[in-house]
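Trainee: I would like to learn how to read some local features in a model. Could you take me through a few of them?

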Amino acid sequence: MTENSFKIVYKLSVAVLAVLIAIAISAIVLAVVGANVLDAFYMIVFQPLTSIGHISEVLLRAIPLCIVALGVCIAYRSGIINIGGEGQMAMGVIAFTGVALAMEGLPIFIHLPLAILAAILGGALWGFIPGILKAKLKVSELLSTVMLNYIAAQLYSLCLRTIYMDPAGGGTPMSKRLSSSVFLSRIGRTPIHVGLIFALILAVLVWLLMWKTTLGYKMRAAGSGARAARYGGINVAFYVTLAISISGAFAGLAGAVEIGGVHRRMIEGVTNGYGFAGVVVALFGGLHPFGIIPAAFFFGLMKYGVMRAASQMGIPANMVDVIQGITILVIVTAQMIMSNTYLQARIRRNLGKLILTKKEREEIAQNRAEGGAK
Amino acid sequence: MNRDSLAKKRSESESKKITSLKMEHITKRFPGVLASDDITIEVGEGEVLALVGENGAGKTTLMNQLMGLYQPDEGRILINGEEVHFKGPNDAFKAGLGMVHQQYMLVPNMTVTENVALGYKKAWKGIKLDLKEIRKRIVEVSEHYGLLVNPDAYIWQLSVGEQQRVELVKTLCLGAKFLILDEPTSALTPQETDELIALLKNMTSELSIIFISHKLAEVKALSNKVTILRHGAVVFNGNTDDYSSSEIAAKMTGHEVELPENKEPDMHGDVVLNIENLTVMSDMKVPALNGLNLQVKAGEILGLAGVSGNGQRELAEAINGLRPVHSGKIEFYGDEFSNKRPSYVIKRGMGYIPEERNIEGIVPPFSIKENLVLKDSTNKKFSRGKSIVKAKDIQKNAERLKEEFDIRCPNTSIAAGSLSGGNIQKVILAREIDREPKFLIAVYPTRGLDLGAVQFIHNELLKKRRDNVGILLISEELDEIMNLSDRIAVIYKGQIQDILDHKDATRAKLGILMAGVKE
């Protein structure tokens, strides 16, 4: 077997093994809570792929995940960990709804871009604050982003209950239905909106930005070796602040597409944990835009399947979270094993004794003979 | 405590004596590399074996197998004639082997006693840790071998030389009867090195030692036997006394090595770097430079000698915009450099080979080719309109520099951090020199490098000098300074002690100045 074909077989077997382990553990959890294991699996993993209706629901969840994760990837690659996606997304929603409500009557080609721009700026501001605090005062972004999440959540709640509240809503904390001039159009008869196209284009743009531009080079240098970057004349503080501001802008945009594409009014719970899940998606996707796309789809699938299993089969929703957690842990572990080349080489050598080709065996024998002659 | 009980105590804690140690036909493969190629070595009682070879020859890998950190793919290890299998360093400790690694394995914010306690299993009594017993043992060991350490000092308070002694004491406290030292002197000053060699020589009455080095003076001074590795295989075995340093050097590199000397006529260029009354704070916020004055001319190499920690690092960083200037001025071709950004300094033609090559000189996860354009990513040679990366030109640039500077790597897309020290230094040198700087600051440019790499770097520095580039060479290797410099300045406690012409400089004179004595 050649080096390369071994590599493929090795990675495939690790992947298959990981899936089997994840299934086995999940099956135990499901059995313990008394669910029908096979039905539950079918409902979580396969049924969402069986019809266009289901797939649309999966994609709807994948869109914000993907956009947030792309932003997280930019920040992470630049040396700053953005776990403030939740707050930045909330700020995006607040800004989007504000513009939507305040400027009703504008034509769609002005109103929608303005609202989206506001959402981007709102998110960017919420990213800029921890960025500048880190750059100037060395405040840990882990602290500041989480604190800003709380502030944004309260601001969100406040807006929904005061200036944004629908007077005709009977006291429900929600805005009135926004005017159609801020709607993202839907694709065909599905509920999928053009945010999907945004997400895919953004993935390509992020790839171009990080790997094909000097700006991306400098941001990555700041993230991979801050001291060396500074030595090389790169203004690390500036690029780190810029990176997390862009990251915040992405989360803000995710908020905009959720309102303009899905809910079409501001309600509670729009951010729906996407800000945090986006960090997992980004890491799961290998911090690379083209890894993030499938990772976002997979997480969208889990999120949807799990929700359905909870509502239709009566499996407790928190057990379902447990299964999701287990799956993520197993897959991340498998990824680490796959990227360990030392382990791979060792297994190859040990297996090699069993599965060498005839020619290879002859070569080794010959080498031994020559070595002995020396 | 009387002597008998002490002796009894020791015999309990220690394994039996190692009268012979043999590694036979050791072979170890890593992906794509044969790290150990059928190596056999043998060390007898009280012997010192020097394991010599260039960077990346496989010395450390071999010793890591002896310590059980790696398992050899083939071959066996015999102690006192019996085959042993070490599954990890703990098994090796139990058999009486102790290794002091090149990078010290000490916890900085713990005391010496606490650091020793980490490995001292006997003092862990249930959940209670008997620090007093360990402290007693440390004092005992350090007195016995003349290794002075303060058991209550915190590691961060100690100099590199003192930390080295702590590592030795730690290893001996754990009952080592056989010492393995990985480049023990690579971070020590010349004085500390001499002290250590004398100490180790003393110990050979009770211990056997394998030590890894590529400093031939030490090999000659300390070892009885020498084994030379090249590309993972033994190329030479012999008694140290039968061969001269230059013979060993030639066997190590595979060719004759002669370090170049600056024998060129004096340059009478203008002063291009003028430092006046410079005061700069250290990380601890105390003055590291104290009103320092220094002038360097175009086309001269000014060697700055001194024991490290006397302000050399702060001087280099202040000039390059990496450290704020408290007072004083730094003039470079008429420009004032104090408190300017690094990019300002770079744009005005300053080249800088930093002390910390692994984390400052390169971005470790970046590829070699990316690192080679670290200072020029927006230069029009490597970008379109300052914004789009020209990948092909970066690739071509890397291929060219790889050839010119003999950077040894499978290709230029691999992470620069995975290279050996010497090759990392070549990457940095290639980048700094190819930018055609007007001036070059080189800080410990050859520290820890093998002779072949040292020779290469010295030649490049001399070449630049001929191009009328001024060079500030900061080093603690007196041979390097004396070979290359036109003038030699000695730095002590943040000030220039004296400046000598290279014709007047001798090791003795420089040594006295470095120690802070002024006639």
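Mentor: Let us begin with charges and rings. A charge sits over a ring if NZ of Lys or CZ of Arg is within 6 Å of the ring centre and within 35 degrees of the ring normal. Here the charged end of B:Lys251 sits over the ring of B:Phe236, 5.0 Å from its centre. Another case is B:Arg447, over the face of B:Tyr444 at 4.2 Å from the ring centre.

Trainee: What should I know about the model and its numbering?

Mentor: This is a predicted model, where local features need pLDDT of at least 70 and side-chain atom pairs count only at pLDDT 80 or more, while totals for chains, interfaces and linings use all residues. Residues are numbered from 1 along each chain as its sequence is written, chains are lettered from A and ligands numbered from 1 in the order in which they are written, and side-chain values use heavy atoms, without hydrogens and water.

Trainee: Is A:Phe299 buried or exposed?

Mentor: Buried means under 20% relative accessible area, exposed over 50%, and partly exposed in between (1.4 Å probe, protein chains only). A:Phe299 has 5% relative accessibility and therefore counts as buried, whereas A:Phe298, at 24%, is partly exposed.

Trainee: Where does helix H3 of chain A bend?

Mentor: Helices (H or I, at least four residues) and strands (E, at least two) are DSSP runs, numbered from the N terminus. H3(A), residues 52-77, reaches 36 Å from its first C-alpha to its last, close to the 38 Å expected; the expected span is 1.5 Å times one less than the number of residues. A bend is the angle between axes fitted to the seven residues ending at a residue and the seven starting there. H3(A) bends by about 25° at A:Ala62, with A:Pro64 following within four residues. Of its 26 residues, 20 are buried, so H3(A) is largely enclosed by the rest of the structure.

Trainee: Which strands pair with E3 of chain B?

Mentor: Two strands pair if DSSP finds at least two bridges between them. E3(B) pairs in the parallel sense with strand E10 (residues 208-213) of chain B over five bridges, and five bridges also join E3(B) to the parallel strand E11 (residues 225-230) of chain B. B:Leu51 stands opposite B:Ile212 in E10(B) and has B:Thr227 as its bridge partner in E11(B).

Trainee: And what about phi?

Mentor: Most residues other than glycine have a negative phi. B:His25 has a positive phi near 50°, and so does B:Asp38, at about 55°.
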